[in-house]
Amino acid sequence: MTKKSILITGGAGFIGSHVVRLFVQKYPDYHIFNLDKLTYAGNLKNLTDIEQAPNYTFIKADLVDALAIESLFQKHQFEGVIHLAAESHVDRSITNPMDFVMTNVVGTVNLLNAAKNAWKADFNNKLFYHVSTDEVYGSLHDGGFFLETTPYDPQSPYSASKASSDHFVRAYHNTYKIPVVISNCSNNYGPNQFPEKLIPLFINNIRNNKPLPVYGKGENVRDWLYVVDHARAIDMVYHKGKNGETYNIGGFNEWTNIDLIKVVCKTMDVKLGRTPGTSEQLITYVTDRAGHDLRYAIDAQKIMRELGWEPSLQFEEGIEKTIDWYLTNQQWMDEVTSGDYANYYDNLYGNR
Ligand code: NAD
Ligand code: DAU
């Protein structure tokens, strides 16, 4: 029997690697193709445990290269696409917005075109799943939650590029009838996240006794979800989501940055055997991120009600597991923080 071929983009990145692992292990009857450009954020070492699996193939390719993407669809007869590849870091989008336009907008449209051309004779049993972010909805100031019906109001070059890609996915569904689903998720945390993002950056800095650069007053609020729970939600949306629908994903788990950082500091003191309060002394307030969104908060009731998803981990357990992972995988951290990443880090934080 021919295996069902599914293309997962961005599978060498943080969330993508958890999605690839889940699909390779849970669905031996699928063949999973992981397409990734391997930018600074893509790391095949995230997948060493499954790289020899018979139902897994890695493809190095750039979504901006339309011809390469078209020919991959002709060669492999993909029946499904789960699209995670993106430039994903807000700070980088402020210094280099064009990278975000190219990968997140042009790359997504190239992928849509390739899927449409390959599938247009028969859209039956085909699905284009676009993985997006809650940041497309903008910033909450007066309470309330983001619903699937909340109007888009992106505020950073990153979120504008993701909003644009969401619009293209819906436009292709409306115009060409390509079957699609979209999900918009809140902040993820867990193993394998590149240490430019708040939680792994701060864990690594605490380990190395480096300052913890808190933007502004640390009052911004984010809604944190353990990455494996996002991967489980993606599995459910892919298999049970309704054509043309959007699902918001989040943990109902809001934290101000400063409260979250204090939890990380306290847990790190215990894990490293340091006197309580040692890590908090590293907190350093720095110039705020330009256009910094105040609060994100997802109402995830639709996916819970309609697809039966719910987070499996409480935050206290998830953050402890996460810290343990980074402390037992120091070689992973040391490898990704060398070379180009070190230069990037100096450029961003050198003058703060
Ligand atoms: P990441 O930066 O860790 O990984 C992105 C991956 O995409 C990398 O492996 C990179 O090499 C690859 N990539 C980048 N440009 C490419 C290109 N032109 N062609 C092919 N591959 C390319 O990102 P992440 O945090 O894992 O996010 C994955 C997706 O989930 C993104 O679409 C992001 O917008 C979305 N998302 C992330 C979060 C979060 O908290 N991290 C929350 C909600 C949604
Ligand atoms: O909400 C989903 C989004 O979450 C995803 O779409 C993005 O891809 C992902 O990067 C994340 O965006 P944020 O900007 O919220 O994540 P980040 O880890 O960069 O920052 C989290 C918060 O911490 C934010 O308010 C900024 C603050 N921060 C961040 C860094 C890197 C600091 O105070 N200091 C820092 O050094």
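Buried residues are those with under 20% relative accessible area, exposed ones have over 50%, and partly exposed ones lie in between (1.4 Å probe, protein chains only). The legends below describe a predicted model, in which local features need pLDDT of at least 70, side-chain atom pairs count only at pLDDT 80 or more, and totals for chains, interfaces and linings use all residues. Residues are numbered from 1 along each chain as its sequence is written, chains are lettered from A and ligands numbered from 1 in the order in which they are written, and side-chain values use heavy atoms, with hydrogens and water left out.

**View 1. Cysteines Cys185 and Cys265.** Cys185 counts as buried because its relative accessibility is 3%. Cys265 is also buried, with a relative accessible area of 0%. The structure holds zero disulfides, a disulfide being a pair of cysteine sulfur atoms within 2.5 Å.

View 2. The shell around ligand 1 has 28 residues, of which Ile15, Asp36, Ser88, Tyr158 and Lys162 come nearest; a residue is near a molecule or strand if one of its heavy atoms lies within 4 Å of it. Polar contacts are pairs of N or O atoms within 3.5 Å; within protein, one must be able to donate a hydrogen and the other to accept it, and residues adjacent in sequence count only if both atoms are side-chain atoms. A polar backbone atom of Lys37 is 3.0 Å from a nitrogen atom of ligand 1, and a polar backbone atom of Leu38 is 3.4 Å from an oxygen atom of the ligand. From Thr103, a polar side-chain atom lies 3.0 Å from a nitrogen atom of ligand 1. On its own, ligand 1 has 840 Å² of accessible area, and the protein covers 97% of that; accessible areas come from the Shrake-Rupley method with a 1.4 Å probe, and for residues only the protein chains shown count as cover.

**View 3. Elements and residue classes around ligand 1.** Helices H1 (14-26) and H5 (157-176) and strands S5 (127-133) and S7 (187-189) are the elements that give two or more residues to this shell. Helices (H or I, at least four residues) and strands (E, at least two) are DSSP runs, numbered from the N terminus. S5 gives the most, with three residues. By class, the shell has 13 nonpolar, eleven polar and four charged residues; Ala, Val, Leu, Ile, Met, Phe, Trp, Tyr, Cys and Pro count as nonpolar, Asp, Glu, Lys and Arg as charged, and the others, Gly among them, as polar.

**View 4. Surroundings of ligand 2.** Thr133, Asp134, Tyr158, Arg289 and His292 come nearest among the 25 residues around ligand 2. Oxygen atoms of the ligand lie 2.7 Å from a polar side-chain atom of Thr133 and 2.7 Å from an N or O atom in the side chain of Asn187. A polar backbone atom of Pro213 is 2.7 Å from a nitrogen atom of ligand 2. Taken alone, ligand 2 exposes 690 Å², of which the protein buries 95%. Helix H6 (198-207) and strand S8 (212-215) are the elements that give two or more residues to the shell. Its residues are eleven nonpolar, eight polar and six charged.

**View 5. Helix H6.** Nine of the ten residues of H6 are buried, so the helix is largely enclosed by the rest of the structure. Among the buried residues are Pro200, Phe202, Asn204 and Arg207. Asn209, which follows H6, has a positive phi, near 55 degrees.

**View 6. His31 in strand S2.** His31 lies in S2 (residues 30-36) and counts as buried because its relative accessibility is 14%. Leaving aside neighbours within four places in sequence, His31 is in contact (heavy atoms within 4.5 Å) with Lys3, Lys4, Ser5, Ile6, Pro54, Asn55, Tyr56 and Thr57.
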